[in-house]
Amino acid sequence: MAFEFPKKVAEELKMRVIRPAYKTSTVANQMTQFWKWCFVLLVMTLTACGSDGGDKRDGDTDSNTDSDSGSGTTSNGDTASNSDTDSNSDSEIVAPPGGELPAGIPTPEFGYRYDTSLDATLYVDNTNPGCDNDGPGSAQTPYCDLFRGHNNVTYEAGDVVHILGGPYDYPVDQRLVMNGTLENPVIILGVDTPLFRGPGSRINFEYDGSYGILENIEFFNHTRHRVLDTGHHLVFHRLEVHNPTDAIIDFNPVFNVSGTHVLIYESHIHHNWRDGDNDAHGIQAGEGSSYVFILFNELHHNSGDSIQGCHHCFDAPPHHVFIGGNVMHDDRENAVDLKTIHDVVVSQNRMYGYMDSATSGGDAMVVGSNGYDEATNMGPRNVWVIHNEFSSAARGVRIEGVEDVWLIGNLFHTLDRAIQIDNKVYRDITIASSTIWNTGDGIINSNDSCTARSVTLTNNLLGTMSDGRHLDLPPCGNHTLQNNLLWQEGGTFTADVEGGNYTTAAALNGAAEASGTLDGDPQLDEAGLPAAGAIPIDAGVSLEPLYALFESTFNASIRTDFNGTTRPIGNVEDVGALEQ
């Protein structure tokens, strides 16, 4: 058996004009085009056979508009030391060896794992008594400052700038233009992580140009960062952006991207806090941005979301945004908040430490907090949430309004509720191959106004619910359940599905909406992996149609599990997030 798209979805896929898939400018891309169209043809030929839990708050009240209110002061003053907060060496993030990317993330066109260990052509060192901002920028007579005493500087193709010394104090806004080329990029490299320090009130760093790399710099004390809409193929690697732990900033977001082909990776963005209930998001995929890669960063203790995209960006929603391998925790709102944004992959991230606040219900991830309205272009579209771990939060994922969202292979544990679908407007929601364990509730659909066209649950493993509700799906006639395993240690599971209450697999399989339901101990170890020969092994249906759809859209593969194990082993998928 194979995953079945609901009939209307299958019909639409035949007609859909797919947005341009991610393309690289390498020979590897040319090799993938044949396979891409094979996958498209496969998807087009597929046909289908055949509450409680509402949030206390209707939605987010934040705005991405930059705020000028407040003085943005710190009790430590201008001379605050970077010892006031965590350092990059304490970051929890560990990028995989060999440069492997999270599942479903294509390789960025420029800059990922770029070898920046080139000989310097220019030097900056304010501790050298012979430094001179008029040049020549040699090792003997380096510049005293990256910006050469101005607030706007341009570096040209082939420039390799080494920054030594520090700290560097910046009392006014700065603009850095990197005019590189693919063959001769601009490389600006901090040696021993020099400190760029703000004055204790807002200071803006703007970035423009093309094919440039900014690497290994610590930004401290009220620094805000913007990639301009004319910037493209810009890389920000091993940066730290933070404040004294008692500082109050007056801006949002901390790092905004409006350009295209922008990569932010292995960086640490933390302790960016505004007063009251005002937001300061860590990274924002802003209006008009595209091909934004946010990889292997750690983001935490920001007074908004770790990553957001994009509040009321109806005219030019960000698209092709790839969020992978990050650790996000302990922000005031959410780890990831997808408002109006298209073509998104959220893969192999860890999200934890999210609890109630004045503007958030404690959701680790929110999809569609603006809502969804096709006529106004509002809301997220084509969102794929793959192989993430959600824990220690009020809810794992909350879906508020979306055209289509695909949750595949995720791990949920130690949550009050794993997945909540709010009573808003939707098209299609698919939840497949996820493991939900040791939570209060499992999957709760509060959409009793029945606005969703389809809600499909396939190959999921749900067990040990402290509140006893594995499934709560209202009588809308839009639910399809395939080969899910439900288990309650020491009792019976509870599944309210389409108006019926079920406590055994046999009874649930008698409902028109369900088939292949399993009941019994999955014998999971502490990591969520079932024992050899346990019930989940080889008990699922093939997800080949989903894999093919994804590959035709993004030219990348998701044929693995949370641990990177190829799926399936053999001919049949296991039930749950982990393949044995």
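Colleague: Which strand pairs with S34 over two bridges, and in which sense, parallel or antiparallel?

Modeller: In this predicted model, the partner covers residues 514-515. Leu481 stands opposite Ala514 there. The sense is parallel, and the strand is S38.

Colleague: And which residue stands opposite Thr456?

Modeller: Start with the strands: S32 (residues 454-458) and S34 (residues 479-482) pair in the parallel sense over four bridges. Within S34, the residue opposite Thr456 is Thr480.

Colleague: How much of the chain scores a pLDDT of at least 70?

Modeller: The chain averages a pLDDT of 86, but over residues 15-89 the value is below 50. That stretch still has 195 contacts in the model beyond near neighbours in sequence. Where pLDDT is low, the coordinates should not be read in detail. As for the share of residues at 70 or above, it's 84%.

Colleague: Where is Pro136, and what is the omega of the peptide bond from Gly135 to Pro136?

Modeller: Pro136 is in the loop between S1 and S2. The bond from Gly135 is cis, with omega near 15°.

Colleague: Which residue is joined to Pro253 by a cis peptide bond?

Modeller: Pro253 lies in the loop between S10 and strand S11 (255-257). Omega for the bond is about -5°, and the residue joined to Pro253 is Asn252.

Colleague: Which elements give two or more residues to the lining of the second largest cavity?

Modeller: About 50 Å³ of space lies in that cavity. Its lining includes His233, Leu234 and Val235, then His261, Val262 and Leu263, along with Tyr291 and Phe293. The elements are strand S10 (232-242), strand S12 (260-265) and strand S15 (290-295).

Colleague: By class, how many residues in that lining are charged?

Modeller: Pro108, Glu109 and Phe110 are among the lining residues of the second largest cavity. The lining has eight nonpolar and two polar residues. The charged count is one.

How values were computed. Residues numbered from 1 in each chain as written. Predicted model: local features only at pLDDT ≥ 70, side-chain atom pairs only at ≥ 80, totals over all residues. Heavy atoms only, no water. 1 Å grid on protein atoms, 1.4 Å probe; cavity = no way out; pocket = protein on both sides within 12 Å on 5 of 7 lines; lining within 4 Å. Points joined across faces, edges and corners; volume = space filled by probe spheres on them. Nonpolar A, V, L, I, M, F, W, Y, C, P; charged D, E, K, R; others polar. pLDDT = per-residue confidence, 0-100. Contact = heavy atoms within 4.5 Å. Pairing = 2+ DSSP bridges.
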